[in-house]
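Hello,

I am passing a structure on to you. Please have a look at it first; my notes on what turned up follow below.

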Amino acid sequence: MSELTQELKAKIITQLNLEDLAIEDLADDTPLFGDGLGLDSIDALELIVMLDKSYGIKLADPKEGRKVFETIQTMADFIEASRK
Amino acid sequence: MKEPIPIAITGMGAISAIGNDVANHYSSLRSSNPGIGPITQVQTHHRGNLLVGEISMDNGALYDCLAIPAHEAYTRSTLLALVAVREALVNAGIDPADGYRTGLISATTVGGMDATETYYEDYLVSKSHQHFIPTHPSGYSTEQLARHIGVTEFVTTISTACSSAANAIMLGARMIKAGLLDRAIVGGTDCLSKFTINGFNALMIYTDSYCRPFDEHRNGLNLGEAAAYLVLESPELVKQRTQTPIAYLTGYGNANDAFHQTASSDDGEGAYLAMKQALKVANLDAADVDYINAHGTATPNNDLAEGQALLRIYGSVEAVPAFSSTKAFTGHTLAAAGAIEAVISILALQHQVVFPNLNFSQPITTLGIVPQTQLLPKKIDHVLSNSFGFGGNCSTLLFSNAHD
Amino acid sequence: MIKPIYVHGSGSISIQPTFEPGYCFDSILSFAQNPVPAYEPDYKALIPAMQLRRMNKSMRMAIFASRLALQQADRTAVDAIITGSGLGCLKDSERFVEALLAEEGQSLNPTPFIQSTHNMAAAAIALVLKCKGYNMTYVNNANSFESALLDGMVYLTEHPNDTMLLGGVDEAGERTTQFWDIAGYLKREVPTIPTPLEGAATPGEIAAEGATFFVVSGQPGARTYGKVTAVETSLETDDTVVLLSRFLQKNGLDADAIDAVFMGFNGDSRYDGIYRNLGHSLFPATLQLGFKHLLGEYDTVVASALAIALQLLNEQRIPSSLRLNDVEPKELKRILIYTQRRGKNHGLILVEQ
């Protein structure tokens, strides 16, 4: 599991151009939106593209993303659950 | 308060999925005959799964109808614009080269992108379409238009995403009021393209069906293509020409939501400010408005924010006048939307009728406002038309009756 | 009628170090390439990283230049924003076309699409300044900035107490540059900055990029360093001498009343004759200055000429790198800027102390 979270952190930093952040700066439970990392609805769309391209998971409704992308941990859990 | 100077509208022309001229627009609107259907012209993967408001004439037919030699490079947005501008000039009974200071202000976001995306690789390896290379810049289309109709005085192009045409109309009025022009030909044009279809699809705001403006279960827009232009003239010139205006442009406003690159703020701040300003310029109260032609793209975000702004302007659900989004007829025509909806607003004034908001069944729970879903004959003196775009760009126009 | 507008600050990014404090074309960077990329600042100095991460080059350059202009004008907010951009955010447009040609039907990243929109620079400025006022973007080839300027004058005549940011921005795109090369717009043989003019000129332009923004208002203030009194454009003209003479006449001036004239010589042997004729006919005894031979060619480069003109009016000195002739004006009070591109999009700007 922690391998997946590390991988996700690296991917998020690259995909969303968070170049000032290091993997260590991102905790598994940092809220990605709102007062946490401060991501927005466009980032959510980019994360949906990432889920599809990297993990073959398609989200049809951007509203679904809200729950999935709450934290790195919720993303990892969602990916794990989809793999089963 | 100073009496506002009414800018006369003496002509209009339009082409969209619901008609190749203004008269056909009126009959389609009147008979609730929408123009949304499958993609048959743009070469895209999304043929068969996304619906658009396509103009049935293909580029070949447009070249023929405009008598443009086949070897000359005109992109679709320019061809559509020429059709609409010609109709507007005939309707106004003017020749732009008649000596009055006439400007052309055109809006586009697609510009020549339809050619660029088609020949992107081809340009590098073959000479056969290289004469289309210069058509890429948005301004090129306006310049072709200007040469065709003989406008030499002032020519410019506006691109503020989906509010572009409303802003072009507004600039024309402001330049006339400032004494810089006697007359302005104003409007916008955008054709369908792979670029925009894929863009809105990637934003996940493109419905997989027919768009449902202001409905609780709306799930996105249908793109459309259109061009529409108005002829605006100063009150003095109209008097000299003894021309009867078809309507007046009495108010306009532009404001920025300053909230997010694409999303509208929850309280519709930009929309609210734009409507407030337009009413102020026209020296009208919100209650004077008889019909609102809403932006109503049928995306979850737009309709909620616009509805919220309407409630802020009017104070209660009951006070909101008859309103409808006509995007279910034409599709969202981007930079042309403000102009095609200006034409629809003027038709509403001329025929004293509110056009229906199609595909609506259930009001948005948090708002409770219900658009006009049937054709409604009523006394209409003032029509308010909204156009909002990416980058928080919000514009409102106010059209008023000719017989005042 | 419209009223003059007063300039209180400017900021500029170009292929020369124009964003550096006090820079005034005394030292010139040389290039032998086409296109020439902008000489860029460390954007992080004025733009927070969280904002910067989703800004393309046009947005970065526009915001940075705006920040410089605001600093100089000692302001933190404005009431309105107007920009000109001939080609908008080209790189993101190219990126999205390339993505959809390669993988249409798969998931596409929407960010390049959003940021291909021409008004993204004006929108980005509104967003960072929380400016809810008038926001407009003109995309009219080489007259985009003049259109913005004219709208600015109309707006400030309507709203005499407002202050606005007004500017131009254009970026170069890789594929688009290839297209312009095919279309024959660009120099092919040894393109250099500074670009040889007159007898040494060759066919074609040197493509470049940049952003120049101004803080302007309808009233003079403590920081005012010049005013724009007239602007005019003409898509095409049979006779530029007549065009300019009429412009001067409309503004109640004759050629002698102009202390210096900026002209858009860019070393394109096919079109520089337009400027040469004008210089001979109207301004033989007037100081003639150039700027495109140092800044390259792009649709909104004329905004830089306005920034330089204002700087010269304030410093009352003329860097030799800008000179096209040796005329010494008695004083510098009024400067005329005239440009065209490839024989069309004529633009005239009158700048006064």
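Let me start where chain A meets chain C: twelve residues of chain A and nine residues of chain C make up that contact. On the side of chain A that touches chain C, five residues are nonpolar, two are polar and five are charged. Keep in mind throughout that this is a predicted model.

Chain A also carries an annotation. UniProt, in an unreviewed entry, puts "domain: Carrier" at residues 2-83 of chain A. That span is 59% helix and 0% strand. Its end C-alpha atoms are 16 Å apart.

Next, chains B and C. Here 47 residues of chain C are in contact with 53 residues of chain B. Which elements of chain C each supply at least two residues to this side? They are helix 3 (90-103), helix 4 (111-114), helix 5 (120-129), strand 3 (135-138), helix 6 (144-158) and helix 7 (174-182). Helix 5 of chain C gives the most, with five residues. By class, the side of chain C that touches chain B has 26 nonpolar, 17 polar and four charged residues.

Now chain B by itself. It has 13 helices and 15 strands. Its radius of gyration is 20 Å, close to the 22 Å that the globule rule gives for 404 residues, so chain B is as compact as a globular protein of that length. The C-alpha trace of chain B spans about 60 × 55 × 40 Å along its principal axes. Of the 404 residues in chain B, 66% are buried. Take the contacts in chain B with a separation of 6 or more: 79% of them are between residues 24 or more positions apart.

Strand 2 of chain B runs antiparallel to strand 3 (residues 51-53) of chain B, and three bridges join them. To locate this pair, look for B:I36, which stands opposite B:G53 in strand 3 of chain B.

Back to chain C, which is assigned two domains. Domain 1 covers 5-226 and domain 2 covers 228-352. Their C-alpha centres lie 21 Å apart. The contact between them takes 48 residues from domain 1 of chain C and 38 residues from domain 2 of chain C. On the domain 1 side, strand 1 (5-13), helix 6, strand 4 (163-170) and strand 5 (210-217) of chain C give two or more residues each. Helix 6 of chain C has the largest share, seven residues. The domain 1 side divides into 24 nonpolar, 19 polar and five charged residues.

Chain C has its own annotation. An unreviewed UniProt entry gives "domain: Beta-ketoacyl synthase-like N-terminal" for residues 43-166 of chain C. Over those residues the chain is 52% helix and 10% strand. The end C-alpha atoms there are 20 Å apart.

Last, strand 9 of chain C. Why is strand 9 (residues 334-341) of chain C said to be largely enclosed by the rest of the structure? Eight of its eight residues are buried, so the strand is largely enclosed. In a regular strand, side chains alternate between the two faces of the sheet. Accordingly, look at both sides here. C:R334, C:L336, C:Y338 and C:Q340 point one way from strand 9 of chain C. C:I335, C:I337, C:T339 and C:R341 point the other way, and all are buried.

Strand 9 of chain C also pairs with two strands. Strand 7 (residues 260-263) of chain C runs parallel to strand 9 of chain C and is joined to it by four bridges. In that pair, C:M263 has C:Y338 as its bridge partner. Strand 10 (residues 344-352) of chain C runs antiparallel to strand 9 of chain C, and seven bridges join the two. There, C:R341 stands opposite C:K344. Strands 9 and 10 of chain C form a hairpin with two residues between them. In the turn, C:R342 has a positive phi of about 50 degrees.

Best wishes

Conventions
Residues are numbered from 1 along each chain as its sequence is written. Chains are lettered from A and ligands numbered from 1 in the order in which they are written. This is a predicted model: local features need pLDDT of at least 70, side-chain atom pairs count only at pLDDT 80 or more; totals for chains, interfaces and linings use all residues. Two residues are in contact if their C-beta atoms, placed from the backbone, lie within 7 Å. Ala, Val, Leu, Ile, Met, Phe, Trp, Tyr, Cys and Pro count as nonpolar, Asp, Glu, Lys and Arg as charged, and the others, Gly among them, as polar. UniProt positions are given in the numbering used here, feature names are shortened, and annotations may be inferred rather than shown by experiment. A residue is buried if 20 or more other C-beta atoms lie within 10 Å of its own, exposed if 12 or fewer, and partly exposed in between; C-beta atoms are placed from the backbone. Two strands pair if DSSP finds at least two bridges between them. The radius of gyration is taken over C-alpha atoms; the globule rule is 2.2 Å times the number of residues to the power 0.38. Domain bounds come from an automatic or database domain assignment.
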